[in-house]
2 protein chains.
Amino acid sequence: MTISEVSKQCNISPDTLRYYEKEGLITDINRTAGGVRDYTEQDCKQIEFIKCMRSVGLSIEVLRKYFELFKKGKRTLKARRDLLATEREQLHTRLTELQNTLNRLDYKISVYDKAIKSKTKELKF
Amino acid sequence: MTISEVSKQCNISPDTLRYYEKEGLITDINRTAGGVRDYTEQDCKQIEFIKCMRSVGLSIEVLRKYFELFKKGKRTLKARRDLLATEREQLHTRLTELQNTLNRLDYKISVYDKAIKSKTKELKF
DNA sequence: GCTTGACTTAGAGCTAACTCCAACTGATAC
DNA sequence: GTATCAGTTGGAGTTAGCTCTAAGTCAAGC
């Protein structure tokens, strides 16, 4: 698969794919004789994983560390597990925060709805 | 209240408070004769609100628009309500995404735990 | 009246994560 | 064999959101 095919399939720009490679998030991509990247299905799955993790805010740096550990082989299984567990905890914290803020917004919107109905009130902010 | 008191109370740096003011997120802060900012309780509540919204990713730009509408008075109640509702929807989408990714991470961590126990397996990424 | 310390401003600098650009190369169509 | 087009590289530029710096002001304590 060429970079533009992967780009379409994963909805990530070719520039970003090359950037991820430069940053060590993707490594050992095959090349054709002419030097053109030739992604495997496995590469694609990894890219999807990266996309998923990036979409919830895992940093390039954390992901770089994860794949760096990967390259060191089986002896880093525990380290990788722990790295993921740490990120998981942070995501969980953010999830709770998001839920609370959502509730707060819902309440605020309901206050607005009342104010709009009554046609007299103004809010403080 | 001085800027450093608000800073401590809200856990936001004075620089950030001044930055928010420059960006129009906070307006009409009282000043002492000497030109020093003198925040009211109400200002503090607004700052807490901003902090809460920023913590889940609402942009400075969106918040600026919200407070801009505010300054135009009661006739913008509906517009403000709708702005909040739009942001709420986006937060909801992100919440779902976060939940899915959390599940995915939990699954991956469980796969790691199995691999670590069996002491033979390696994963694909 | 001088020092100290918290404040003020305008504006520069920083970081993460892209995104774009210029110059080049290699394969394909005609 | 030359135009086209998709790819390549290194490096510059962009954006959001702070964060820091320099130079200055003001009030309080001694």
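Domains, rings and the chain interface

Between domain 1 of chain A and domain 2 of chain A there are 4 residue pairs in polar contact, both residues at pLDDT 80 or more; a polar contact is a pair of N or O atoms within 3.5 Å, where within protein one must be able to donate a hydrogen and the other to accept it, and residues adjacent in sequence count only if both atoms are side-chain atoms. On the side of domain 1 of chain A that touches domain 2 of chain A, the residues divide into 6 nonpolar, 1 polar and 2 charged (Ala, Val, Leu, Ile, Met, Phe, Trp, Tyr, Cys and Pro count as nonpolar, Asp, Glu, Lys and Arg as charged, and the others, Gly among them, as polar). The count of salt bridges between the two domains is 0, a salt bridge being a side-chain nitrogen of Lys or Arg within 4 Å of a carboxyl oxygen of Asp or Glu.

The model is predicted: local features need pLDDT of at least 70, side-chain atom pairs count only at pLDDT 80 or more, and totals for chains, interfaces and linings use all residues. Residues are numbered from 1 along each chain as its sequence is written, chains are lettered from A and ligands numbered from 1 in the order in which they are written, and side-chain values use heavy atoms, with hydrogens and water left out.

In chain A, domain 1 covers 1–71 and domain 2 covers 73–125; such bounds come from an automatic or database domain assignment. The domain centres, taken over C-alpha atoms, are 29 Å apart. Each domain brings 9 residues to the contact (heavy atoms within 4.5 Å). Together the two domains of chain A bury about 870 Å², 72% of it on carbon and sulfur atoms; buried area is the accessible area (1.4 Å probe) that two parts lose on being put together, summed over both. Of the area that domain 1 buries against domain 2, A:Val56, A:Tyr66 and A:Leu69 supply 54%, more than any other three residues.

Over all chains, the structure holds 12 aromatic pairs (rings of Phe, Tyr and Trp, its six-membered ring, with centres within 6.5 Å; planes under 30 degrees apart are stacked, over 60 edge-to-face, the rest tilted). The pair of B:Phe49 and B:Tyr66 is tilted, because the ring planes are at 45 degrees, with centres 6.1 Å apart.

Chain B meets chain A through 46 residues on each side. This interface buries about 4500 Å², with 71% from carbon and sulfur atoms. B:Leu98, B:Tyr112 and B:Phe125 supply 15% of what chain B buries there, more than any other three residues. Across the interface there are 6 salt bridges. The side chains of B:Arg80 and A:Glu122 meet in a salt bridge at 3.0 Å, N to O.
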